[in-house]
Amino acid sequence: MKEKLQSFGRFLSAMVMPNIGAFIAWGLITALFIATGWTPNEKLATLVSPMLTYVLPILIAYEGGHMVGGKRGAVCAAVAALGVIQSDTSVTMLMGAMIMGPLAGWLTKKMDAAFEGHIKPGFEMLVNNFDLGILAMLLAIIGFYGMGPLMAGILAVLNAGANVLVKHGLLPLISIFVEPAKVLFLNNAINHGIFTPLGAEQVKEAGKSIFYMIETNPGPGTGVLLAYMFFSKDKTTKQSAPAALIVHLFGGIHEISFPYILMNPLLLLATIGGSMAAMFWNTLLGLGLTGPASPGSIFAYVGMAPKNQIFLVFLSAVVAAGVSFAIASPIVRFSNAKKSLDEANTSVNDMHAQAKGISAYAETESGARLDLRTLDHIVFACDAGMGSSAMGAAVLQRKLSEAGFDNVKVTHCSVSEVPTDAKLVVCHKDLAERAYKCVPNAKIVTITNFMTAPEYDEIVRDLTNARINTNAETTDGKAEDFHGGVLIEKNILINPALKNKEEVISKIGEMLYESGYVTKKYTEAMFEKEKVFNTAIGNEIAVPHGIESMMGEIRNSGMAVFTFPNGMDWGDGNTVKLVIGIASVGDAHMQTLQKIAVACETTEDVERISKMNKDEIYHLFK
């Protein structure tokens, strides 16, 4: 049941989220230009009704049709949605668009499948245009006489029920259902499937809606995170809570608070209490927002308030946070329940303890082998693909960059839109099953905390280990001794007493090994490269490096720079005055090489560099 609800919520979210900008534009136009707005403007206020009546429903229908039936499905859905809208323009047909859009896309897809292979050559465009036009016309008629009146009736019932709750002061009770559903990642289904249509209808009548304040209030989650900041006994959780609070409150990504709540389900009492208190406050004072607060940050929440209610709306979040904090504090302080973050740390440590050897491969969920040495893309997935996944991807990308893996890019998306060729996917543990269904051949890494997940460090360690050849020596301590950058000063030699290029290459290999960049075998890799390709590249420069088949001997990206003012014979008639030895993991050396290419554009430049001292060369290329 939970999986079906999450799937439903995911589908609704995927239709609405790409169009949230249009909803916000409509909300801002409403807040600014209606008669009671910030800057009333009778002419610009005429934009409000057409946007709500036509633009927003058609955009949603178009997106739904595109998701199911591609571009043709989207076009059919837009026309079909117009039939639903015109059946009763006094009603906002967002819900009708959410149904008609995917239905039109599905029927378009089925129609195209039925005609495939049965159209005579030369008539494809004619048939494709007419069959789509006919289907769109029929669906518009069905929408006008059938779907439109049906949805108007359903919306009337929902509005009547909502008005009863508001009139009798019972709306706060809805928090009992909303807050538990949110932490099960059903927040998108609730907000976009229920409150957005009801809110739009209410705004049309009153210029604001209390329904926009229910799910988007950042206060309940803020109270819980504050309780962890001050009273958590677990050090990891306590230290991660402030960062999560910033993302939750100011970034509006409420999903980041869900794992903290799920650590102890009793904390649902805190979020329910905070939400109910805020709704009592909102109902008592007749508060509302002019448009959806998306994302649900305090800035967006207050920014969508009518001009005469900004401070009161702000206090609504404060009330929710205060009550939530008061309830959550004793629960966090005196609870002895197991913490998910502890369990995550324990499982990671257990895995690390079992993996005493070094492997360049990871096993995927289907049992296939993923070669980590060639991995250049990681996908971070969440429910909607815009909030928690974006933050998690940013944290993981930073850790990878700090470790020298600038060539590994981390992108984020909805779990339902993970690319089919993805090799490594990171997601919350509750989304693992859905991720596996999308990409069964990928490695799925599950987390419980988006900001401080220990699994991020495990990914970095695995990628680092994959760069170490499994046959390489692992007891010489060299990899552990490495603390430098791509170029360190001790690896620059000025006119060394070396007789030929063989001695130069041997010395480069020795220095890179002693500095912790490579294994002892890398020198052999450089000699193998010289056998098949002379590394003198012109302008009196040589760039010796290892043959590709022995790249596993590289532990960290590094360089060594030698100068020979009087020249060094590099074979095949080449004389060089500047030798740059390279060992590269990914493209960590590219910035330095780019500087070298600019600095060594002519032989005169190389001549000048060959006469520099060590400090000058280091500061030129570092």
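**Close-up views of the model**

**View 1. Phe144, a partly exposed ring.** Phe144 has a relative accessible area of 32%, so it counts as partly exposed (buried is under 20%, exposed over 50%, partly exposed in between, using a 1.4 Å probe and protein chains only). Tyr145, with 65%, is exposed. Keep in mind that this is a predicted model, where local features need pLDDT of at least 70, side-chain atom pairs count only at pLDDT 80 or more, and totals for chains, interfaces and linings use all residues. Residues are numbered from 1 along each chain as its sequence is written, and side-chain values use heavy atoms, with hydrogens and water left out.

**View 2. Aromatic pairs.** There are six aromatic pairs in the structure. Take Phe144 and Tyr145: their ring centres are 5.0 Å apart and their planes sit at 75°, so this pair is edge-to-face (rings of Phe, Tyr and Trp, the last by its six-membered ring, pair if their centres lie within 6.5 Å; planes under 30 degrees apart are stacked, over 60 edge-to-face, the rest tilted). Elsewhere, Phe230, Phe231 and Phe325 make up one aromatic cluster.

**View 3. A four-strand open sheet.** The strands line up as E4-E3-E5-E6, with parallel pairing (strands are DSSP runs of E, at least two residues, numbered from the N terminus; two of them pair if DSSP finds at least two bridges between them). E4 (409-414) and E6 (443-447) stand at the edges with a single partner strand each, so one side of each has no neighbour in the sheet.

**View 4. Where E3 meets E4.** Strand E3 (residues 377-382) runs parallel to E4, and six bridges join the two. Look for Ala381: its bridge partner in E4 is Cys413.
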